[in-house]
Amino acid sequence: MAPFPLEGAFPRRWRAWLAGLALWLGVAHCAFALSVTAEERAWLDLHGPLRVGVVLQAPFAQLDPRTHRYYGADVDLMNLLASELKVSLQWQSYPDLAALTAASAAGRIDLAPGLLQTPATLRHWLFSDPYLRIPSKLVGRAEHGTSVELDQLPLEQRIAVRSPSPVASFLAANYPVLQREPVASERAALQQLLADKVDYAVVDEAQLNLLMHEPEFARLAVVGETGYTRLLRIATRQDEPVLAHVIDNGLLALPGRQLNQLYERWVLPAYPSLTDTLTFWRRLALFLCLLTLAAAAAWWWNVRHRHFVEQRLAQVRQELEQREAVEAALRLTQFSVDLSTVGILWVNWDSRVRYANQAAMGMLGYSADQLVGQLLSRFEPSLDMDRWLALWARVRIESLASFETACLRRDGSWLPVDASLSFMRFRDNEYLVVFLTDVTEKRHARAALEESEARLQGIAANVPGLVFRLERAAPGQAARLAFLSEASQALLGYEAVDLMAEADGLQLLVHPDDRAGYLASRAAAVAGDADWQWQGRIRTRDGGLRWGDLKAKARRFDDGRTVWDGILWDITVNKETELSLAESRAMLRDLSAHLESVREEEKAHIAREVHDELGQVLTVLKLETSMCELSYARLDSGLTERLQSMKKLIAQTFAIVRDVATALRPPILDAGIGSAIEWQGRRFESRTQIPCLVQVPERPIRLSDAKAIGLFRVLQEALTNVMRHAEAQTVELRLSLAEDQLRLEIVDDGKGFEVEPQRRRSSYGLIGIRERLLMVGGRLDIQSAPGEGCILAVTVPLDEGEGEIA
């Protein structure tokens, strides 16, 4: 056999990849027909998953440390069989054959692929037919260039072979005269060969497949055959003959092409062809480099020439586009000038018209032939030659002049226009361009505006208040008075001009005590472009005080300008009446509070008198009755009955006295408002048979006597309304403290009512509740609707020293 160098792994990698792809295609698309009997299927279902034991050795079985998955020739074979048998596999690895055999004897595994059938292994395993044949090759140096036969080797040449091993035993039995050098592994045999310690090395084809990738062994080649072939089989436990039979059938049904693909992927080493040599690839690379350089040079010249042509074409195209753009702009300019709504005249130094657009012809009433060549004095008689030349000289220096005049039309009428003159030099000629704008509508609008302003001044002068306008030119800028009616003289004693001289002349009139509120309302209106409202005192020029009510409407325009149009009304009379009425109400409320306090004190006094005086008299009367009964009851049976009747009457009198005293002033108030509310809730529940839930703070609440009595009377009035009108099923009383306020809520699930109509009606109960609360600075809130019950929320502020008792 001719030697094959082992350098150049490129074709080898492609061949391995194609073999793996073919194997996958065979597994995926060329499934073999494997028949399993019902008994075998039942055995597989009972014993699944199958436990597979392997000794880790490349390329048959290896473990990926990253994914913890097994791969190799034996793994692919077993996965192929398992997919056809529809069973799952559990993989277990062992360090050597002895450990694997021990695991089989202990029943921890069911089968093991890749074992050799020997007399020793036959005692423990059942073997299938061989599925792979691994020949052993004779490897030497590639530079020898000849094939070698073992029986023709000289006696002095040495051969490295892994010992002990089956191939070493084969060589010893068939070639006893060969000088064998035992080594520990195939790698060690090749290293001995490279070190010139031996002449040849014996390596099986599977290990050669792995070692041939390494550059260290690139100078070695296969030079001959040994005649020994290792037969790989699948071994099963001796106590599982059914499994052995299933494996045999599976291997027999396996197509030979798939086994060949398995062999080519994992075992077959790459025998490179001529293209695998480094010299071939170097020459090919050099040729390709020269060819690439030549192509690159041709391409560069072509690109450069093409770039030059493209640049030239682009320049020509750009020049054409610019020329077309200029022509289009000229046409557009001419079209714009002809159709402009502003009249345009080109006039020479001699005051003759050289060009007129359609708007100018329409304004003056002439055609183009009639207008061109005419003197300007034909349309503006006051513009003689001297005045025209002076105007010509002025415009040449200042470039622009504007004035308002009137032009004589062809029909003899006069047209008011705004005239603007601009100097223009075109080629070798000089012109004045006259722009004429018809201002007829402008003058009409100005007249209407003047009439409107006069009407506004008349209205503002007769309004019983100060009409003003506040303007802000743009957001972020200060707002200033833009208009002030002449009523300021009669109302304040100041002229409107004097007040408008200041940025905010109204601020100077505001009373110092009200100035902060005025500035805050003005700042809020200006910041939010909102309506402005303020009410306060203003000072007149003679030192007097007046009340003013300011109301202004804000308007914002598209240009960012904002104006506030408003009136400052004189409400002095109304305000004084309002203050007088408020003072009168406050006095009446104070008087009512005083009377209520006096009445409560009188009730308390009467309650004590009734309780103490009548209680003592009734107690003495009861004692006298009891003494009389003890002394004389035995003398007269009728007297006993009368005395018992008198004792019952005295007890009833006691109850009446207690009820009267309690109604005048409940003694429970001395225990605190929380206890009083609980007592009143129980009393309401016993009287009306309506369940009443009471929630009060656990700690007692310190409260002034006036507030405690007022709050208790409010509760009594509210419960009376519930009993009379609500038709409630349950009532809930809640007393709570929050942020220096005491809050009492009376909640019922009755029929409810409309709150607003109730406020408009004369409801003395609610009026009395509100008045009592106003006496102590409290507030009443009502939440109700028809069919949804009612919530009366009473809030009373707490003074210093009031609140929960620690």
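A residue is called buried here when its relative accessible area is under 20%, exposed when it is over 50%, and partly exposed in between (1.4 Å probe, protein chains only). By this scale Cys-407 is buried, at a relative accessible area of 7%, while Cys-289 is partly exposed, at 46%. A search of the whole structure for disulfides, meaning pairs of cysteine sulfur atoms within 2.5 Å, returned 0.

The model is a predicted one, in which local features need pLDDT of at least 70 and side-chain atom pairs count only at pLDDT 80 or more, whereas totals for chains, interfaces and linings use all residues. Residues are numbered from 1 along each chain as its sequence is written, and side-chain values use heavy atoms, with hydrogens and water left out.

The protein chain contains 24 helices and 29 strands, taken as DSSP runs (H or I, at least four residues, for helices; E, at least two, for strands) and numbered from the N terminus. Of its 806 residues, 37% count as buried. Contact is scored when heavy atoms lie within 4.5 Å; among contacts between residues at least 6 apart in sequence, 63% join residues at least 24 apart. The accessible surface of the chain, from the Shrake-Rupley method with a 1.4 Å probe, comes to about 46700 Å², and carbon and sulfur atoms account for 55% of it.

Helix α3 (residues 73-85) makes a handy place to start exploring. The expected span of a helix is 1.5 Å times one less than its number of residues. For the 13 residues of α3 this gives 18 Å, which agrees with the 18 Å between its end C-alpha atoms. The helix is mostly covered, with 11 of its 13 residues buried; among them are Ala-73, Asp-74, Asp-76 and Glu-84.

A nonpolar core is a set of buried Ala, Val, Leu, Ile, Met, Phe, Trp, Tyr and Cys residues joined through side-chain atoms within 4.5 Å. The largest such core has 35 residues, and Leu-77 and Ile-234 have the most contacts inside it. Elements giving two or more residues to this core include α2 (38-47), β2 (50-55), β12 (220-237) and α9 (241-253), but α3 gives the most, with 8 residues. Beyond its neighbours within four places in sequence, Leu-77 is in contact with Tyr-131, Ile-234, Leu-251, Leu-254, Leu-259 and Leu-262. Apart from this core lies another, of 34 residues, including Ala-708, Val-714, Leu-742 and Val-755.
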